[in-house]
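Have a go at each task before you read its solution.

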Amino acid sequence: MNDEGGGSDVSVEEEMAAESTQSPHNVALSADPEGKEDGEGPPGTSQASSDEFTDAKHESLFSLETNFLEEESGDRSSQASQDPFLQHVNKELKEKEIQAVATNPKTTHELKWPILGQLVFSSKFQKLETFKPPKDIDLKSLHLQKPLESTWTKTNSQFLSGPQKSSSPFTPVQKELFLIMNSYRDLFYPERTALKNGEEVRHVYCLHVINHVLKANAQVLGNNGKRRSQKFGVGDDDEFRDQGLTRPKVLIVVPFREAALRVVQLFISLLEGDSKKKIIVSNKKRFQGEYGSDPEERPPNLKRPEDYEAVFVGNIDDHFRIGVAILQRSIRLYAPFYSSDIVIASPLGLRTIIGGEGEKKRDFDFLSSIELLIIDQADIYLMQNWEHVLHLMNHMNLLPLDSHGVDFSRVRMWNLNNWSKYYRQTLLFGALQDAQINSVFNKYCVNTQGQVAVRNVPMTGSISHVLVQLPHVFQRMEAENLASVIDARFNFFVNKILPQYRDAVMSHTLIYIPSYFDFVRLRNYFKKEELNFTHICEYTQKSGVSRARHFFLQGEKQFLLFTERFHFYKRYTIKGIRNLIFYELPTYPHFYSEVCNMLRATNRGEEATWTCTVLYSKYDAQRLAAVAGVERAAQMLQSKKNVHLFITGEK
């Protein structure tokens, strides 16, 4: 973590000249006292070998211990009592309240909001408070820290148009999301899509992050000044408890480097706005080299669906972590974690530093005092490795193993009591309602302010987007409990479904498998039974994929085992399908219609013989509703019949 990034030192003048030839929006780099900028080696050279880049030269410049507020922002004491940040961090919990959380039942209350729709408010603490959004928002009432009131409107202007521009600096969905964020409740919003509202959501959570960090740091710097100007007797220090056990306050989890780049650009924009005075950004050139992308690198002529293009844009490397320190009008990128306010990382980037049981080199103390955790695009982690997310959650807000030079007289009592997790706000954004994401929200979010989850049900399922004429046979299989579903599904498939397809007449059968473990199990079974099959998964090499597609199209192989992850990352159209089996319902509902519509790719007049079979159980209720619609799904789960038939594309 403390390795110095190598590379030749470049003078600030040269850097600024290089920067100015790039986009006009770029911000001038900091001129540090030595007149040198540190660690600007070519991307991916020395840094690849070093564990973490540490920007040593700016340490004192960005230290919270040795700096003071440059200007007092007027008398805020009258407003301070209403400031949601101060109300949250100054809230005092009692020992018995904490003990009661383990046994308290969760109280819930449902409310309908104009834009977000169905909300479920819940809390493990005694008192559950709900609220409705006011019609109009006055920016003053939101307690935004300077300069955000003025910079937010400019930063967000791309989403505002016409009459809306004058009335509110937020879009309707941003307004409702920010009201929940600013109340410091945990939030689960499963309708954030890259194609539709992803950037709106990113803008509004970045506003919340910067607002939180500026307030927290202003409190520390203000108290530094008070301590310096007053001589206190012993024991008078309690009113200066204003920080955690370690400095990082915000963790933002994003899937790709492109997302980290956009977050940092928003931070710069929110601190700068359109003021003439540029803010200082250290190590910006290096950051753009490592997190930016070359538009010419994208392969030409690949026609992919719009949502694919929106997700896989820019630099899609998924192994990174970077510390960011913010002090008034300057940002320091590549700050060492223990001198950072914000850590931006991918689940894999965090997994490799948190390490595992028994590993010598591991570190998770920097997660001890996180007050704001943002997990964006959570659905993508289901396609990467969900275990990394669970591993992260199990290491959040633990007491640090080392003191990291903290002044204990300044640490808040709730941090010292190991109650940080009850004060941590978690914001979880994704594109779908999913059992595993729900489980993380329900298990790990225990904020004293309570939780809010958006729970809208899909009225029409993705089956309505199937354009081909096709009978869809949904077969329900029974399972005793959740743990036995995997075996029940396998046995049902092998004993009831597969025998119908063994006949050579049923050639050109694609079997769609969401779970990689199920895929391996089926592949091994097909090998053992010596069935005529081929397979494509996310680990198959390019040549193997081409061979498998060719054999399947020509009918030389009767079955094609096909994983969901491969479809997610590649989105190839598989030609030659005549029979489809969904071993399990897809994670993404629109994959159902997408795969069904692949049958059109090679239509040689055999539509009349096409088939589609889907396996489901009562534990697949959410996925079933997303494919078949909520009303149909309810009937299919309650019905005495185990087989349901739908026909699409009838003329």
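**Exercise 1.** Work out what percentage of the residues in the protein is buried.

*Solution.* Start with the cut-off: buried means under 20% relative accessible area, with a 1.4 Å probe and protein chains only. Then apply it to the 651 residues of this protein: 54% of them are buried. The model is a predicted one, where local features need pLDDT of at least 70, side-chain atom pairs count only at pLDDT 80 or more, and totals for chains, interfaces and linings use all residues. Residues are numbered from 1 along each chain as its sequence is written, and side-chain values use heavy atoms, leaving out hydrogens and water.

**Exercise 2.** Find the strand order of the open sheet and name its edge strands.

*Solution.* Next, follow the pairing, which requires at least two DSSP bridges between two strands. Eleven strands line up as β3-β4-β13-β5-β12-β11-β6-β10-β8-β9-β7, with mixed pairing. Finally, look at the ends: β3 (107-113) and β7 (280-282) each pair on one side only.

**Exercise 3.** Describe how β7 is joined to β9.

*Solution.* Three bridges link β7 to β9 (residues 330-333), and the two strands run parallel. Now locate S282: R332 in β9 stands opposite this residue.

Terms used
Buried means under 20% relative accessible area, exposed over 50%, partly exposed in between (1.4 Å probe, protein chains only). Helices (H or I, at least four residues) and strands (E, at least two) are DSSP runs, numbered from the N terminus.
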